[in-house]
Amino acid sequence: MSETQNFIILGGSGAGLGVAHSFLKHIEPELRKLGKKYHLYIIDSSSHFFWNTGSPRSVVSAALLPAEKLFAPIADGFKSYDSSLYTVIHGTAVSWDVGGRTVTVELANDQNTQTTLPYYALVLATGTRTPSPATSLHGDHTITKAAIEDLNKKFASAVSVIVSGGGPTGVEVAGEAGHFLNGSAGWFSSRPSNPKAKVTLVTNRDKLLPVLSKPRALTAEIYLNQVGVDVVYNVSVVSSTTDADGKTTVHLSNGEQWTADVYIPAWGITPNSSYAPADLKNDQGYIKTNHATLRAEAAGPRVYVAGDVGDYSRGGFHNLYATIPVIVANIKRDLLEAATSSDGSDSQPNEPDRLFTPNNSETQAVPIGPRGVGAVNGWGLPSFLIWLVKGRDYMIRNVSATVNGNMV
Ligand SMILES: Cc1cc2nc3c(=O)[nH]c(=O)nc-3n(C[C@H](O)[C@H](O)[C@H](O)COP(=O)(O)OP(=O)(O)OC[C@H]3O[C@@H](n4cnc5c(N)ncnc54)[C@H](O)[C@@H]3O)c2cc1C
C-alpha cells in the first residue's frame with residue numbers, strides 16, 4: 001500500500017453526503033485494488049444534517065412537524081463503512097491554502113482549537129444560508145432548532161404575520177402560517193370565513209415563484225388567499241427592528257412601516273464561502289466552477305464544487321442530484337488516472353471528462369397549505385399531486401435516505 005492520501009469534503013449536506021457515499025461505495029474500493037490508500041474527511045459546522053425543505057411547516061408549529069424530525073446525525077450515516085476509511089469532523093473550514101493544498105478547520109468542541117489538513121482531492125459543498133437561522137443552518141444544528149422553537153412559541157398566539165420573499169420558501173411559509181392560523185376557505189369561497197390572523201406576503205417582484213409560469217404563479221396567489229394570506233407586490237422590506245414587546249417592525253421600500261407578532265425574512269441567500277480566497281469566487285461569493293466538468297479549475301488539480309455553493313448551481317435537490325454523477329465520474333477518472341500514471345500525480349486523464357448539461361426547464365413543487373402548484377419539465381402538476389408528493393409530510397422520509405446515502 002502507498003502513503004495515505006486525504007480526500008476532503010467540506011459540507012455534509014445533500015451535496016457533500018452524496019459525493020461522500022459515492023466515494024466510499026464506488027471509488028475507494030477500486031483505488032484500494034490498485035494499492036492506493038485514501039482517507040475520507042467529511043467536515044461540517046453542524047453535527048447534524050438539516051432537512052430545510054421541511055422548515056416552512058416546522059417553523060409554524062411543532063404539532064404540524066416537530067423540529068426534531070428535520071435533523072439527523074451525520075456520523076450515523078457512515079456506520080456501515082469500515083471506520084478506518086473515514087472521519088466525520090464537527091468543525092468549520094475557516095481558511096484554504098490553495099497553493100499549499102491544505103484547509104484549516106476550527107473544531108466545534110473547543111473554539112480555540114484549529115487543525116490544518118492537507119488534501120489530495122477536495123470537494124467544496126458548503127452550500128448557502130438564508131437570513132433566518134430557522135430555515136437554514138447557521139453553524140451547529142442547535143442554533144436552528146432553537147430558532148424554530150422560538151418561532152413556534154410566537155406563532156401559538158400570533159394575530160399578525162409578515163413574510164417577505166415571493167420565492168418557494170416565502171410562499172410555503174406564508175401558506176403554512178395562513179392554514180395553521182386561519183384554516184381554509186370552504187367550497188365556493190375565496191377566503192376563510194373566520195380568519196384569526198392577518199398574514200401578509202411581501203415580494204419586491206410583480207409575480208410570485210420566479211421559476212414557475214405566470215398562470216401557475218397567479219394560482220398560487222388564489223391558494224394563498226384561500227388560507228387568508230394577502231400578497232403585496234413590488235414592495236421590499238428594507239430593514240426590520242425587534243420591538244421591546246417582542247413584535248417586529250418592518251420598514252418597507254414604499255416608506256410604510258408595519259408591525260407584526262411574527263416576521264420571517266425568506267429572501268436573499270448567501271453562499272457559505274468565507275474560507276475561500278476572493279479570486280476563486282464570483283461577485284456574489286459563489287465558487288467559480290467549470291460549468292461542464294464541475295471542477296474549480298483555478299484551484300489546481302482535483303478540486304470539485306458540489307451543490308449550491310457553486311456558481312453553476314440553480315439550487316434545489318433535483319438539480320443537485322443531476323450533478324452528483326458528473327462530479328463522481330470525474331473524481332473517479334482523476335484519481336484512477338493518478339493511481340496508474342507514471343508520475344502519480346497532477347496528470348490529466350486520458351479519457352474525456354463527463355460533462356454536465358443543466359436542465360433549465362420549469363420544475364418546482366410548492367405546497368400552499370392543503371393545496372399546491374408546480375410543474376415538471378414544463379408540465380403542470382395538479383394540486384392534489386403536489387400535496388401527495390410533498391405537502392403531505394414535506395418529504396421527511398428523505399432525511400434518513402440523504403444521510404445514509406440511499407439517495408445516490
Ligand atoms: C427553506 C428551504 C426550503 C427548501 N426546499 C426545497 C425543496 O422543497 N426542494 C428542493 O429541491 N430544494 C429545496 N431547497 C433547496 C435545497 O435545500 C438546497 O438546494 C440544498 O440543500 C443544497 O445542498 P448543499 O449540500 O449544496 O448545501 P446546504 O444544504 O446549504 O448545506 C451546506 C452544508 O455545509 C455546511 N457548512 C457551511 N459552511 C461550512 C464551513 N465553512 N465548513 C464546514 N461546513 C460548512 C453547513 O453546515 C451545511 O451542512 C430549500 C432550501 C431552503 C433554504
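Predicted model: local features only at pLDDT ≥ 70, side-chain atom pairs only at ≥ 80, totals over all residues.
Residues are numbered from 1 along each chain as its sequence is written, and side-chain values use heavy atoms, with hydrogens and water left out.

**Stop one: H21.** Select helix α1, residues 14-33, and pick out H21 (helices are DSSP runs of H or I, at least four residues; strands are runs of E, at least two; both are numbered from the N terminus). H21 counts as buried because its relative accessibility is 0% (buried means under 20% relative accessible area, exposed over 50%, partly exposed in between, with a 1.4 Å probe and protein chains only). Now show its side chain: it reaches the backbone oxygen of V403 at 2.7 Å.

**Stop two: L224.** Jump to helix α5, residues 214-226, for L224. L224 is buried too, since its relative accessibility is 0%. Leaving aside neighbours within four places in sequence, the contacts of L224 (heavy atoms within 4.5 Å) include V171, L201 and I368.

**Stop three: the second largest pocket.** Select D150, L151, K154, Y263 and P265, the residues nearest its centre among the 15 in the lining (a pocket is an open set of points on a 1 Å grid over the protein atoms alone, where a 1.4 Å probe fits, with protein on both sides within 12 Å along at least five of seven lines; lining residues have an atom within 4 Å of a point). Then colour α3 (141-156), β13 (237-242) and β16 (262-265), each of which supplies at least two lining residues.

Technical notes
Polar contact = N/O pair within 3.5 Å; in protein donor to acceptor, adjacent residues only side chain to side chain.
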